[in-house]
Amino acid sequence: MPFVAPLALLGLVFVPLVVAFWMLRLRRTDRVVSSTLLWKRFGEDREANVPWQRLRRSLLLLLQLLLVLVLAFLAARPFLERPASLARELVIVVDASASMAATDVAPSRIEAAKAAALDALRDLPSGGRVSVVEAAAVSRVVANRTADLGRVREAIAGIRAAPVASDLADALRIASGLASAAGDSEVLVATDAAVDIPAGLAVKAPVRVLPTGRERHNQAIVALAVRSSSTSVTRSVFVSIANLDIEPATERVEIRGDGRLLEARDLFLDPVTRAEVSIDDVPRDVAVVEVRLAGSDQLACDDRAWAVVPPDRLLRILLVSAGDPYLETALSYLPNAELYGVAPADYGPGTKPELFDLIIFDGNLPAELPRVPTLAIAPPRTSVLGSVTGTLTDPAVGRAAADEPLLRYVDLTTLHVAQAVQLTLPDWARTVIPGPGGYPLLYSGERDGLRMAVLAFEPRRSDLPLQVAFPILVSNLVGELVGASQAPSGSVTPGSLVSLPVPSTATGLRVTRPDGSVVEITPAVTGGAAATFAATEELGVYTVVPVGLPGPTPAPSASPGATPSASPGATPSASPTTPPLVDPSAPSRFAVNLFDMGESAIAPGDPAKIEAVGTAPAGSGEPGAADGTHRPPARDELWVPIVLVALALLVAEWLVFERDGLVRIRRWLASRRGQGGGPSRPAPVPRPPERT
Amino acid sequence: MEPRPPTAPAAGRQPGPGAGDGARAVFLPSTVDPTVFDEAFLRSLERLLVLLKKPVRGGLKGTRRSTKRGLSVEFADYRDYSLGDDLRTLDWNVYARLERLFVKLFIEEEDVTVTLLIDASASMSHGAPGKLLFAKRAAAALGYIALASEDRVVVAALAGRVARRRASLRGSGRALRLLAELSAIEAAPGPTDLQAAVRHAGAQLAGRGVVILLSDLLDPAADRAIRELAGTGSEVVVLHVLAPDEIRPDLEGDLRLVDAETGGSVEVTLDLAARERYMERVEAWRTGLADLAARRRVSYVPVESDLPLADLVFAELRRRRVVG
């Protein structure tokens with residue numbers, strides 16, 4: 001029998017050591033007795049002044065010698081050899097997507113996949129190397145071509161299913177790169193195969209799937225949104241729930257606001273359908289809405305979703321205009337907005353433009369643009385917002401994209417424009433309303449982290465103010481420009497990057513994740529208006545707090561050139577003054593939800609589609625590289641039965657050593673049974689027969 | 001004759017403070033060891049006497065009827081008259097019927113000597129309770145019964161290779177002397193050759209009688225000692241005294257057992273099984289001695305040193321017909 005560590009058999013030198021201990025004479029306690037007559041044959045052989053004694057037969061000695069033999073055998077690590085069924089270069093890809101958290105196999109698909117991967121390692125030939133790739137939103141190599149199976153097992157054990165959609169194709173490309181470096185290679189994919197494999201993907205090694213997953217019993221929340229009512233007093237919650245099972249299901253939907261149960265409904269869901277639920281009258285003070293499915297399906301991560309209610313604070317809009325009653329009226333109808341006005345001549349640093357959420361330049365443009373979202377209407381000259389190349393007279397209005405969010409509910413088919421500025425579309429913007437000759441009439445985009453929009457014509461020089469579309473367009477424009485200055489109010493996909501705005505006076509942001517951990521981020525450039533946050537793997541609500549603010553925000557000083565105009569009908573001629581206090585240190589929130597039908601559909605896929613991407617490598621010159629005929633054999637170490645034998649010997653040795661106590665216990669128990677529980681007494685010595 | 005208890009003068013007295021715990025009773029002579037024969041023992045002796053009132057008339061069952069024919073009232077046999085015979089023994093009634101002279105033979109009653117041989121070897125001082133103490137008390141009880149039967153009592157201590165004859169007493173009035181003699185017996189240091197000591201004692205026996213050996217028989221030649229005694233022609237009783245911890249030792253572990261007499265040692269490793277084997281060996285040893293005694297017509301009485309005196313006399317000795 002071969003051994004991994006044959007030198008460990010030197011441990012057999014302990015055999016004579018044990019025997020020597022047994023031959024050494026014991027230090028005994030002297031006890032004076034009346035006579036040793038009857039003890040004669042109990043005694044050991046005695047030779048005066050000799051420190052050893054004759055070896056006696058003893059079961060304890062036998063057990064101890066056996067134990068030494070077994071332990072030496074165990075240390076030498078004997079093994080058996082058998083033909084290896086795996087290649088010498090093995091790449092294990094473990095799918096860690098959200099669907100792998102399904103519990104249709106105990107305890108979960110990911111654990112079953114990991115166990116299958118670990119079990120497959122037993123067929124690895126001796127000296128084989130293993131790489132492990134974790135297939136998640138971003139695939140990564142967690143063990144790279146190592147022959148240390150302990151590290152491999154540790155790497156596999158460290159893989160956890162994340163609530164993200166994995167890119168298995170990317171993981172297979174990585175595996176292909178690892179496998180192609182060796183001749184005899186193979187890729188094992190531990191997955192539920194519930195993924196789409198792009199056409200043309202090829203792995204330069206045979207691919208074998210270790211399938212996991214059996215069922216498809218799952219219902220999921222696939223959409224959640226909170227909208228303010230027209231009165232801005234209450235909000236409505238819209239939930240979309242999908243039954244991805246082929247059996248009908250009944251689910252209880254719970255809507256909670258800041259942890260309080262607002263409403264619960266029982267839904268009957270037909271197989272493979274979606275159901276929409278809307279709940280009105282969400283109280284105004286609710287900041288976070290959470291929706292739960294109380295049923296017991298096989299995937300938990302899509303049974304909860306969160307939505308952050310947009311902050312309800314007043315928007316401050318500064319209109320720099322010589323006076324446009326149509327525009328002022330349309331802006332004044334915006335809910336939660338305060339309109340301030342200033343004449344172009346009075347606009348300057350004293351106006352404190354940084355305190356406004358939006359500045360609209362109507363027919364004018366300052367030399368230096370403020371660092372706030374800006375809407376420019378008919379800019380008179382070339383600036384960073386666009387090059388003015390002329391004037392368009394009676395321009396035709398082009399057909400806008402159907403999915404343009406700025407034109408939602410806006411009908412421009414009857415729009416007529418008398419005169420517009422001819423602008424060249426800058427590279428940071430997209431055309432919203434196309435004009436003649438490729439010159440846009442309205443475009444929007446993000447520049448230096450700020451949302452900008454340019455309207456090429458003054459509303460009063462068109463019939464737009466006379467149409468229903470005008471206030472809607474104004475509302476959409478304001479919503480687009482202002483909404484981008486805040487944390488994302490929509491749902492964020494797990495694992496995706498989030499751009500978070502950084503107040504101008506802050507040095508960075510502190511993001512508290514749903515599990516309570518805190519991540520501090522700073523803008524990529526000093527003084528940047530946004531910072532990127534990447535640790536969004538966890539589902540739930542993230543809280544963002546600016547850091548590095550210079551103490552409490554000072555009250556803006558009274559500006560001689562600005563007068564607050566609280567009334568919606570404020571005119572630019574009104575003297576602008578200090579806008580209301582704004583707390584830039586106020587926390588903002590965003591929610592991360594799965595909302596991925598592909599991951600929620602947990603029905604196992606076809607492993608053959610994945611195995612089909614594998615190809616046998618071309619001859620690499622190594623003998624037996626392709627067919628594995630010259631692979632080293634796999635080894636099965638025999639330590640488990642040897643350890644069991646050693647434990648059995650230890651127990652037997654203990655039982656023999658403590659046999660007196662065991663006999664006493666047995667007799668005591670027998671006496672308890674026989675006498676109904678009296679104390680045990682030694683059996684009386686029978687007296688000799690009576691003689692006379 | 002009704003025997004009178006030797007402690008009769010003290011019968012009406014109340015034991016003083018400390019009586020029974022080794023304090024010397026006022027009526028005891030100074031030669032009586034109060035630690036051996038304390039007041040509790042003496043009271044038990046009194047009770048023994050009362051309870052044995054009737055049997056005491058029989059005394060110890062020795063060879064009371066001599067094989068010699070002599071003058072007594074109990075007829076034994078006839079024989080032909082020969083010249084010189086005492087004419088008073090002729091049975092004239094037979095002569096009248098048969099016209100032949102026959103002499104009536106009567107059983108001659110002899111004076112019985114009860115010899116108490118107490119093993120005073122060093123081994124007797126070991127064990128709990130002490131075997132020598134038990135032997136002295138048992139000897140006192142038996143000797144007292146013998147004195148009450150007007151038998152002669154001889155006390156001898158076996159130590160070394162000799163039997164030291166302590167006293168030869170007769171009459172119930174010598175009971176205190178008996179106790180004093182027994183009190184003076186102490187365990188002798190050094191080895192004891194029981195066979196030699198018994199042979200020496202046998203040589204000192206005057207005529208046939210009752211010989212009672214009180215010993216633990218922890219001697220390699222114990223069987224030969226019994227044979228020696230059986231060969232004296234006396235009625236032999238062997239009281240084999242062992243302490244309970246010698247029969248059921250409470251020893252455990254790796255020990256070196258040192259012989260109290262010889263100083264020799266034996267190294268043993270004692271566990272439950274070894275102790276059980278030892279107890280089986282002790283039992284076999286006692287059974288062997290009992291078989292030997294039976295073959296030699298010796299009364300063998302195995303006792304433990306914690307046996308109460310009354311149980312010894314009424315149960316053990318009467319059951320084995322040592323006491324009538």
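Trainee: Which is B:Arg297, buried or exposed?

Mentor: B:Arg297 counts as exposed, because 11 C-beta neighbours lie inside 10 Å. The rule uses C-beta atoms placed from the backbone: buried means 20 or more others within 10 Å, exposed means 12 or fewer, and partly exposed is in between. Keep in mind that this is a predicted model, where local features need pLDDT of at least 70, side-chain atom pairs count only at pLDDT 80 or more, and totals for chains, interfaces and linings use all residues. Residues are numbered from 1 along each chain as its sequence is written, while chains are lettered from A and ligands numbered from 1 in the order in which they are written.

Trainee: Where is B:Arg297 found?

Mentor: In chain B, it sits in the loop between α9 (272–295) and β10. Helices (H or I, at least four residues) and strands (E, at least two) are DSSP runs, numbered from the N terminus.

Trainee: What is phi near in B:Arg297?

Mentor: Most residues other than glycine have a negative phi, and most peptide bonds are trans. In B:Arg297, phi is near 55 degrees, a positive value in a residue that is not glycine. A:Ala378 also has a positive phi, of about 45 degrees, without being a glycine. A:Ala378 lies in the loop between β18 (374–377) and β19 (387–393) of chain A. A:Ala378 is buried, because 22 other C-beta atoms lie within 10 Å.

Trainee: How many helices and strands does chain A have?

Mentor: Chain A has 11 helices and 31 strands. Of its 692 residues, 36% are buried. Contacts come next: two residues are in contact if their C-beta atoms, placed from the backbone, lie within 7 Å. Among chain A contacts with a separation of 6 or more, 71% join residues 24 or more positions apart.

Trainee: How far does helix α3 of chain A reach?

Mentor: The expected span of a helix is 1.5 Å times one less than its number of residues. Helix α3(A), residues 109–120, has 12 residues and reaches 16 Å from its first C-alpha to its last, close to the 16 Å expected. The buried residues of α3(A) are A:Arg109, A:Ile110, A:Ala112, A:Ala113, A:Lys114 and A:Ala117. They pack against β3 (89–95), α4 (149–157), β6 (185–191) and β7 (207–211) of chain A.

Trainee: Which residues does A:Thr250 touch, beyond four places away in sequence?

Mentor: A:Thr250 touches A:Asp266, A:Leu267 and A:Phe268. Its C-alpha is 5.9 Å from that of A:Leu269, 19 residues apart along the chain. A:Thr250 belongs to strand β10 (residues 249–257) of chain A. A:Thr250 counts as exposed, because it has 11 C-beta neighbours inside 10 Å.

Trainee: How many residues of chain A are in contact with chain B?

Mentor: 29 residues of chain A are in contact with 42 residues of chain B. On the chain A side, β1 (29–33) and α11 (659–675) are the elements that give two or more residues. β1(A) gives the most, with five residues. By class, the chain A side has 13 nonpolar, six polar and 10 charged residues. Here Ala, Val, Leu, Ile, Met, Phe, Trp, Tyr, Cys and Pro count as nonpolar, Asp, Glu, Lys and Arg as charged, and the others, Gly among them, as polar.

Trainee: In which sense do β1(A) and β8 of chain B pair?

Mentor: Two strands pair if DSSP finds at least two bridges between them. β1(A) and β8(B), residues 253–259, pair in the parallel sense over five bridges. The partner of A:Asp30 in β8(B) is B:Arg256.

Trainee: Why is β7 of chain B largely enclosed?

Mentor: Eight of the eight residues of β7(B), residues 235–242, are buried, so the rest of the structure largely encloses this strand. One side holds B:Glu235, B:Val237, B:Leu239 and B:Val241, the other B:Val236, B:Val238, B:His240 and B:Leu242.
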